[in-house]
Amino acid sequence: MTLAQIIGTGSYAPSQVITNKDLEKVVDTSDEWITERTGIKERRQAAPGEATSDMAVAAAREALALSGTRPEEVDLIVVGTITADMPMPSCAAFVQAKLGAKNAFAFDVAAACAGALYAMSVAEQFIRTGRVKRALVIGADLFTRIVNWKDRNTCVLFGDGAGAMVLAPSEDPQRGILSTHLRTDGALAEILAVPAGGSKEPVTEETLRTQRHKLTMNGREVFKCAVRALSDTTQEALASCGLVPAQVDHVIAHQANMRILEAVMQRLEVPVEKCWINLDKYGNTSAASLPMSLDEACRAGRIKRGDLVAMLAIGAGMTWGSAVVRW
Ligand code: ACO
């Protein structure tokens, strides 16, 4: 079966910067606490009126340009997001219309911070079977609109952004997305959630008062789960290709917390220098984080043809996964 290859990447971050110092004026926190516990120094915030699909389109245009793909050549658009412009229709539908990708069918995948990895895995299957020739995969989230700005445990962690990649059938049977391993543990749903605003608990005056339509998190449980899950699944994904972590040239990982990344790299026995880091600039951008990192690493010339890239991400659900790509 033909492998899918990533033939172009793009990313977008809003221009508005919120530094840790800015947050000291919003909640009882400090630049020192945030830097030490997370590695985050600043994050971006979407402009008023800017929606997730606007960010997604900006990233997508870059990826399409780099891959030499015209919008009408796109057969499939999959957007990983949990902050779509509105509950219905999908963010992907707006992206399709704004890009003028009139031949593409389009849908969203809800896997929170693992959204882009899940979306890539879905698109990759369509390419492997020959159903689709060009797929646009996007991770985009606008978390500054769903965090509780009074909760210092969470509001300091997140930022807004979008990342995109174009997939096409690989011309070389040795190069492309070799394997994707996706996992879910729904028993952990409550450690990271937006409890109200869905069918179970629609927004009422009471939920607005208690802010239950905003993100809630048990940080320590998320931390523990992330370290174990990401290292295990990466090992599994590599093993399924007959590879071991020592052979990996680059790690493109979801940017949640520097301490999580260090612990994962330590468990994999891969030097942390192989991991692309940008959480200091953007914080945790949820589904955008992995494709934004990939785009930065590509544009910096870090990833060369033939390199082995491991991608890993984890998010609410809990959902997580790893992909192994021969560039
Ligand atoms: N500023 C100052 N103090 C704070 C802040 C803050 N922003 N946030 C929490 N604290 C306080 C707590 O109230 C607590 O005080 P107490 O001891 O008086 O009760 C103290 O700091 C220590 O809190 P902990 O929760 O133990 O701190 P920890 O070292 O676990 O770090 C953190 C918290 C950064 C949230 C960590 O648990 C973490 O990164 N977890 C992973 C969460 C994550 O990445 N979520 C992103 C979404 S999911 C994903 O992307 C994988």
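**Strand β7 and its setting**

A: Ala140 has Ala162, in β7, as its bridge partner. The model is a predicted one, in which local features need pLDDT of at least 70 and side-chain atom pairs count only at pLDDT 80 or more, while totals for chains, interfaces and linings use all residues. Residue numbers start from 1 along each chain, following the sequence as written.

β6 and β7 run antiparallel and are joined by eight bridges. Strands count as paired if DSSP finds at least two bridges between them. Strands (E, at least two residues) and helices (H or I, at least four) are DSSP runs numbered from the N terminus. β7 also pairs with β1, again in the antiparallel sense, over eight bridges. Within that pairing, Gln5 is bridged to Ala168 of β7.

Over the protein, buried residues account for 51% of the 327 residues.

The protein is divided into domain 1 (4-169) and domain 2 (176-326), with bounds that come from an automatic or database domain assignment. The domain centres, taken over C-alpha atoms, are 14 Å apart. Domain 1 puts 45 residues into the contact and domain 2 puts in 43, two residues being in contact if their C-beta atoms, placed from the backbone, lie within 7 Å. On the domain 1 side, β7 (160-169) supplies at least two residues, as do β1 (4-12), β3 (42-45), α5 (115-128), β6 (135-142) and α6 (152-155). The largest share of that side, seven residues, belongs to α5. By class, the domain 1 side holds 21 nonpolar, 17 polar and seven charged residues. Here Ala, Val, Leu, Ile, Met, Phe, Trp, Tyr, Cys and Pro are nonpolar, Asp, Glu, Lys and Arg are charged, and the others, including Gly, are polar.

The protein has eleven helices and 13 strands. Of the contacts between residues at least 6 apart in sequence, 78% join residues at least 24 apart. The C-alpha trace spans about 55 × 45 × 35 Å along its principal axes.

Notes: A residue is buried if 20 or more other C-beta atoms lie within 10 Å of its own, exposed if 12 or fewer, and partly exposed in between; C-beta atoms are placed from the backbone.
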